[in-house]
Amino acid sequence: MSKTMTRLTSEDMKALIGAMQAAIAENAERLTALDQAIGDGDHGINMKRGFDAIAADADAICDKPTPQALSAAGMKLVMSVGGASGPLFGTLFMTLGKSLPEDFECGAFADAFAKAVDAVAARGKSSAGQKTMLDVLYPVSDALAAGKSVGEVAAVAAEAAEATVPMEAKRGRASFLGERSIGHMDPGSCSCSLLVNTIAAWISAKEHAA
Amino acid sequence: MSKTMTRLTSEDMKALIGAMQAAIAENAERLTALDQAIGDGDHGINMKRGFDAIAADADAICDKPTPQALSAAGMKLVMSVGGASGPLFGTLFMTLGKSLPEDFECGAFADAFAKAVDAVAARGKSSAGQKTMLDVLYPVSDALAAGKSVGEVAAVAAEAAEATVPMEAKRGRASFLGERSIGHMDPGSCSCSLLVNTIAAWISAKEHAA
Amino acid sequence: MDKRKGTCGMNVGIVIVSHSPLVAEGTAQMVRQMVGEEVRLAWCGGDPDGGLGTSVQAIIDAMESVWSDAGVAVLVDLGGAESNSEMAMEVIGEPRSARIRICNAPIVEGAVMAATEAAGGSSLATVVATAEELSPL
Amino acid sequence: MDKRKGTCGMNVGIVIVSHSPLVAEGTAQMVRQMVGEEVRLAWCGGDPDGGLGTSVQAIIDAMESVWSDAGVAVLVDLGGAESNSEMAMEVIGEPRSARIRICNAPIVEGAVMAATEAAGGSSLATVVATAEELSPL
Ligand SMILES: Nc1ncnc2c1ncn2[C@@H]1O[C@H](COP(=O)(O)OP(=O)(O)O)[C@@H](O)[C@H]1O
Ligand SMILES: Nc1ncnc2c1ncn2[C@@H]1O[C@H](COP(=O)(O)OP(=O)(O)O)[C@@H](O)[C@H]1O
Ligand SMILES: [Mg+2]
Ligand SMILES: [Mg+2]
Ligand SMILES: [Mg+2]
Ligand SMILES: [Mg+2]
């Protein structure tokens with residue numbers, strides 16, 4: 001992300017939504033398989049329903065200024081996902097929308113993201129180290145706050161998702177498995193990493209093109 | 001009940017079963033209404049299903065000696081009633097069957113009845129004063145042990161059922177109502193009184209005829 | 001107060017939110033058997049496509065359908081049902097959301113207990129506490 | 001061990017006994033979603049005429065259908081379901097009844113927890129204890 005002021009255009013938002021929807025759709029089976037191992041096997045289905053719902057309403061969502069567009073996208077997730085991940089990803093996007101000014105630079109984005117991750121933790125009554133999406137979101141938030149490059153942030157997300165493999169789940173359905181949750185990647189963490197990497201790739205491509 | 005040795009004939013058993021079935025059928029609506037006030041409104045339906053099942057198999061049941069016939073009747077209740085009262089009345093009859101010799105006099109019957117009531121209490125994890133059928137069964141058991149007449153025993157049962165009205169339920173669904181269970185007769189106690197009075201009337205009639 | 005339903009408009013309403021529509025409907029039948037029409041009762045189950053999960057819109061609709069000033073006690077099963085019910089409360093918003101409480105109680109047993117308590121005209125706090133006597137340690 | 005069902009014959013079986021056939025079936029679906037075919041699972045609900053209640057014969061059939069030497073954990077809802085399940089155990093009799101345990105746990109939440117524990121190959125005692133962590137105070 002550039003250090004200069006940014007304002008996402010309606011076209012940018014549409015492109016980002018399309019990229020996220022495609023990434024989730026392509027990986028839905030993998031996400032579901034991860035959830036089959038340590039959950040109820042619906043995470044890919046849930047995420048796909050959520051991002052399909054956002055994409056179906058992309059025109060209306062992207063007509064709004066970036067903060068409101070993010071909030072609207074979050075509300076779509078809340079209303080469509082149907083699983084525990086819905087309110088969590090929904091809260092992430094909605095809080096980002098609430099916290100982000102219309103024009104923002106890296107620092108403001110990092111601040112807003114940190115607030116959004118805290119809101120997810122509050123919503124989930126969860127914290128770092130419990131083998132949830134927070135175990136990707138917190139490292140990403142730290143990387144953003146440290147002013148890391150887009151590529152570095154993406155790498156942090158991927159590593160953090162991998163790092164959930166040896167963890168024992170303490171929240172969500174995977175916690176029912178106790179020690180047997182060890183040895184599998186957390187599905188929600190995989191989704192987070194996927195979304196961060198998708199956004200990062202889009203930003204990189206855009207910066208290259210510019 | 002006479003002080004002399006008694007053996008119920010197959011015809012006696014059939015007559016008793018018919019009398020009990022008729023009494024339950026005639027009072028099913030009242031029993032259900034009592035259960036509507038402080039339970040789930042099915043006690044009459046449950047008891048009727050149970051005694052109809054016994055009556056439907058009365059020939060086979062009454063071919064057996066009295067103890068086995070009582071056990072078989074109890075098992076019918078267990079398998080057909082469908083509510084909490086099934087295992088309780090079933091246990092009463094089954095334990096009576098197990099404890100009663102083929103020829104018995106009053107004292108032996110009182111002993112067997114006392115054992116049967118204790119078995120009901122064990123089955124229900126309940127005790128006297130909790131606004132359940134035990135609040136009729138214990139007084140009846142005491143009256144039998146004291147050698148009271150058939151008419152006296154019947155009166156004790158009716159009074160004991162009335163005495164459940166001011167009690168607060170501590171077992172069964174009525175206990176969910178807490179203090180609001182006060183002021184209504186316990187349905188299972190009403191059934192017990194009804195059955196005791198039915199049997200007493202049958203014995204009296206038989207003694208008169210003899 | 002809703003005159004259509006007699007006095008039940010004065011009682012706390014009950015909402016049952018399960019991942020399974022069958023569990024939700026069956027629980028509602030068990031509740032009805034205990035309390036008849038004395039309590040406003042609504043249930044929902046299933047994700048927005050009808051699979052196992054919960055739908056925030058369905059939860060909002062259920063909460064609104066039993067709404068009265070006496071408040072609403074919500075019974076949920078697993079995690080997603082709870083967080084989606086919390087989201088539904090936020091969408092409904094103040095001041096009504098302050099009179100909606102999610103019980104930390106088992107869904108079936110808690111619903112029967114809560115509804116029985118509500119049928120007696122108890123306050124929302126009492127209804128919730130009664131359900132929660134049955135709750136996980 | 002039942003070879004037809006892969007390794008699940010070695011796992012503790014789960015029986016769900018509700019007053020409501022809908023609750024029983026819906027709970028079974030939620031359990032299946034968590035544990036797939038790794039656990040033998042049976043459910044029953046409804047009195048012998050199909051009304052709300054339980055049937056001792058149906059409970060016996062359910063217990064026998066999931067029977068293995070690893071044992072059976074039974075989840076029940078209200079009082080009648082518990083005492084009818086106890087009767088079913090007595091009818092099945094020793095020695096098998098000694099390996100059947102009724103969990104003092106909420107039916108839906110307990111079934112999901114118990115089955116998830118059973119899927120990991122835990123003993124009957126562990127499966128029951130896991131379900132009962134969720135039990136009434
Ligand atoms: N309490 C929680 N706090 C944070 N994240 C959670 C929590 N519960 C679940 N999650 C995340 O949600 C993911 C599961 O999402 P999903 O399968 O869609 O929902 P469900 O568990 O309701 O089926 C988990 O992998 C985890 O990352
Ligand atoms: N634990 C118990 N111990 C003794 N009697 C009980 C117990 N639970 C219920 N009962 C008796 O059973 C009666 C209710 O029977 P019924 O309505 O047929 O069953 P259910 O409560 O399952 O619908 C009560 O009125 C009470 O007398
Ligand atoms: Mg899932
Ligand atoms: Mg799910
Ligand atoms: Mg009843
Ligand atoms: Mg009943």
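How do the residues of the shell around ligand 2 divide into nonpolar, polar and charged? I'll come to that after the ground rules.

This is a predicted model, where local features need pLDDT of at least 70, side-chain atom pairs count only at pLDDT 80 or more, and totals for chains, interfaces and linings use all residues. Residues are numbered from 1 along each chain as its sequence is written, chains are lettered from A and ligands numbered from 1 in the order written, and side-chain values use heavy atoms, without hydrogens and water.

Ligand 2, then. The shell is four nonpolar, nine polar and six charged residues, with Asp, Glu, Lys and Arg counted as charged, Ala, Val, Leu, Ile, Met, Phe, Trp, Tyr, Cys and Pro as nonpolar, and the others, Gly among them, as polar. That is 19 residues, each with a heavy atom within 4 Å; B:D42, B:A84, B:S85, B:S126 and B:D186 are the closest.

Now some N or O pairs within 3.5 Å, that is, polar contacts. A polar side-chain atom of B:H43 is 2.9 Å from a ligand oxygen.

Over to chain A. A:D40 and A:D42 coordinate the magnesium ion, ligand 4, through OD atoms at 2.0 to 2.1 Å; donors are N, O and S atoms within 2.8 Å of the metal (3.2 Å for Na, K and Ca), and water is not among the atoms, so sites may look incomplete. A:D40 also coordinates the magnesium ion that is ligand 3, 3.5 Å from ligand 4.

Conventions. Polar contact = N/O pair within 3.5 Å; in protein donor to acceptor, adjacent residues only side chain to side chain.
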